[in-house]
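Here are a few friendly notes to read with the structure open beside you. Take the points in order, and look for each residue as it comes up.

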Amino acid sequence: MGFPTSTDTIPNLQVFTTPGAGTWTAPTGNYSFCQVSMIGGGGGGGSGARSTTTLSGGGGGGGGGAFSTAIFPFSALGSSQALVVGTGGSAGTAVTTDNTSGNAGNVGTAATASSFGTTLLIRATNGSGGNPGTSATGGTGGSGGQIGTGLGGTGGAGSASGSTGAGGNNVLLSPSGGAGAAGGGVAVNAASSGGTGGNASFANTLGGSAGTSGASGSNGNPGLVNTAAGGSGGGGGASSISTTAGTGGAGALYGGGGGGGGASVNGQTSGAGGAGANGIVIVYCW
């Protein structure tokens with residue numbers, strides 16, 4: 001094979017990472033097919049509860065965004081197509097007030113899906129937000145995106161009774177977003193660590209590490225730049241009985257779920273959740 005000549009059509013790659021609505025414009029040239037790949041946004045992590053010293057649950061992690069891909073005839077796409085890059089979910093906010101019966105944390109919000117097609121052609125669903133911790137239990141993790149060739153990982157469930165939060169799991173060996181981890185819970189005079197963020201399955205991108213002794217969880221690790229590689233989930237924040245509880249780590253690009261926030265006792269601020277990561281849409285024509 002020789003070098004391309006002036007009459008050869010060079011493959012065209014367009015990558016969309018700005019969340020929200022966008023437009024793909026067909027390249028000029030003699031193209032035959034286009035492959036569209038995408039990941040939905042990751043859900044935000046829930047925050048931990050703030051309660052008495054008897055029991056306080058950590059927040060659940062947000063679910064990861066799903067991965068989808070399909071190939072279309074170039075001629076079927078026309079001159080342009082509308083698209084949407086999924087927006088990551090926002091984190092559940094920390095609890096800053098005392099309540100003798102216990103103040104539950106705040107839910108992380110769901111992300112939005114990624115899609116392609118003025119008349120919908122392909123879609124990658126979003127992860128849902130992690131649920132808050134309460135004065136009785138840890139928050140449950142958000143569900144991962146459920147449509148596409150790769151399913152987003154589910155967020156880890158928040159812990160209670162001072163047990164360490166468990167990280168979420170990724171579902172299939174595909175470039176789907178990683179799951180967020182759970183925050184740690186508080187028992188009587190006993191704080192706990194958060195959970196480790198769920199891995200993104202593409203290249204086994206590792207999730208963020210868990211916070212310990214009231215520390216925040218670390219952010220997840222990103223996927224490969226400008227590819228449909230999922231990012232991993234943020235680590236869970238640790239609980240605390242003497243200081244502000246740890247914040248959940250942010251989910252990493254693309255589509256990683258945010259970690260859950262740690263729980264606290266009255267007099268101390270609970271840990272906020274971590275934000276979910278935005279999605280991505282890639283269109284490759286040849």
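1. Start with β1 and β10 (residues 280–285), which pair in the antiparallel sense over five bridges. Along this pairing, Asn12 stands opposite Cys285. Strands here are DSSP runs (E, at least two residues), numbered from the N terminus, and two strands pair if DSSP finds at least two bridges between them.

2. A word on the source: this is a predicted model, where local features need pLDDT of at least 70, side-chain atom pairs count only at pLDDT 80 or more, and totals for chains, interfaces and linings use all residues. Residues are numbered from 1 along each chain as its sequence is written, and side-chain values use heavy atoms, leaving out hydrogens and water.

3. Now widen the view: β1 and β10 belong to an open, antiparallel sheet of four strands in the order β1-β10-β3-β5. Its edge strands, β1 (12–16) and β5 (67–73), each pair on one side only.

4. Which residues form one aromatic cluster? They are Phe33, Tyr284 and Trp286; rings of Phe, Tyr and Trp (its six-membered ring) pair if their centres lie within 6.5 Å, and planes under 30 degrees apart count as stacked, over 60 as edge-to-face and the rest as tilted. Trp286 sits in the segment after β10.

5. Elsewhere, Tyr31 and Phe74 make a tilted pair, 5.4 Å centre to centre with 45° between the planes. Tyr31 lies in the loop between β2 and β3 and Phe74 in the loop between β5 and β6, so the pair ties together parts 43 residues apart in sequence. Both Tyr31 and Phe74 are buried (under 20% relative accessible area, with exposed over 50% and partly exposed in between; 1.4 Å probe, protein chains only).
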